[in-house]
Amino acid sequence: MDIVKDINRLKEEKGATILAHYYTLPEIQEIADYVGDSYFLSKKGKDAEGNIIVFCGVKFMAESAKLLSPEKKVLFPNEGATCGMARRVDLDKVKELVEEHKDGVLVSYINCSTELKGISYTCVTSASAEKIIGNIKEKKILFVPDRNLGGYISEKFPEKEFILWDGCCCIHDNIKPEDVMEKKEKYPEAKVLVHPECRKEVRDLADYIGSTSGIMNYATESECDEFIIVTDVGILHELKDRNPKKKFHALPMVCDNMKITTLEDVYTCLKEEKNEIIIPEELSQRAVKSLEKMHFLAE
């Protein structure tokens, strides 16, 4: 059995589109029609032809694709691929925060549950957050759930007040300045590229701070040929593919949930059309508004 050949055959027969995040396994990225960060994939899912989307990433991403394309069948290859940061948000406490700060607007990082999207003014991604916040007229921003990304964005808007939820991506938050300094000492000529989900003291060591797509583009367009990558190692597959003559030094940053999905999962999911994402209509109608506003404010 040639599983890649069988996946491609099924994809063609069913008119399916496979989307994969940069952090998934290399072999998953290889069979995807589109590979990117959450913002790019949310747009590609919406614009995809055909009636079936197979989303390889974590569950909130597949749910977002379903919200933006309710008429399509969105399949999720491995239901164990969830996001720890999204799971740890207490929705009732967020509602209390909103009630306490009625003069503010709730802005949620797209790395969150559909339920949280359903009470949010808008969502953002790490790639679009700065532009979106700049297009919001309100001066008080309740930012949930990543305090590190929220803190980074708040530095860009000193005229606004940010109330930050105390949550984080543990993969990025676990990195300490000394981890980066160790790499810098070993590779003194390398540029340090950091994801904004990292702590401020780590961001302060960066030559560039940006989303996964931002890091990808910076490394590709830069005249430098050596980089220290401070985000999930999954990005290395595409980085090396685009830049075979450049050197990349990664920190031990691995999101296991992003690596759960296998080729066998994709094949079975597509063959049986199993693990379809189903969102109740009332919740869908509320949650999609925050995603539609995200795309509108990011233009």
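Reader: What volume does the largest pocket have, and how is a pocket defined?

Author: On a 1 Å grid over the protein atoms alone, a pocket is an open set of points with protein on both sides within 12 Å along at least five of seven lines, whereas a cavity is a set where a 1.4 Å probe fits but cannot get out. Grid points are joined across faces, edges and corners, and a volume is the space filled by probe spheres set on the points. Here the largest pocket has a volume of about 390 Å³. The model is predicted: local features need pLDDT of at least 70 and side-chain atom pairs count only at pLDDT 80 or more, while totals for chains, interfaces and linings use all residues. Residues are numbered from 1 along each chain as its sequence is written, and side-chain values use heavy atoms, with hydrogens and water left out.

Reader: Which residues lie nearest the centre of the largest pocket?

Author: Lining residues have an atom within 4 Å of a point. The largest pocket has 29 of them, and Cys-83, Asn-111, Cys-169, Cys-255 and Met-258 lie nearest its centre. Helices (H or I, at least four residues) and strands (E, at least two) are DSSP runs, numbered from the N terminus. H4 (59-68), H5 (84-87) and H10 (170-173) each supply at least two residues of this lining.

Reader: How does the lining of the largest pocket divide by residue class?

Author: Ala, Val, Leu, Ile, Met, Phe, Trp, Tyr, Cys and Pro count as nonpolar, Asp, Glu, Lys and Arg as charged, and the others, Gly among them, as polar. The lining divides into 13 nonpolar, 10 polar and 6 charged residues.

Reader: Which helix gives the most to the lining of the second largest pocket?

Author: H4 does, with 3 residues. The volume of this second largest pocket is about 160 Å³, and Cys-83, Arg-87 and Glu-115 are among its lining residues. By class, that lining has 4 nonpolar, 3 polar and 4 charged residues.

Reader: How many cavities of 30 Å³ or more does a search of the whole structure find?

Author: Rolling a probe the size of a water molecule over the atoms shows where empty space is left. The search finds 1 such cavity, and about 50 Å³ of space lies in the largest cavity. Its lining includes Ser-38, Phe-55, Phe-60 and Ile-110. H4 provides the largest share of that lining, 4 residues. The classes there are 6 nonpolar, 3 polar and no charged residues.
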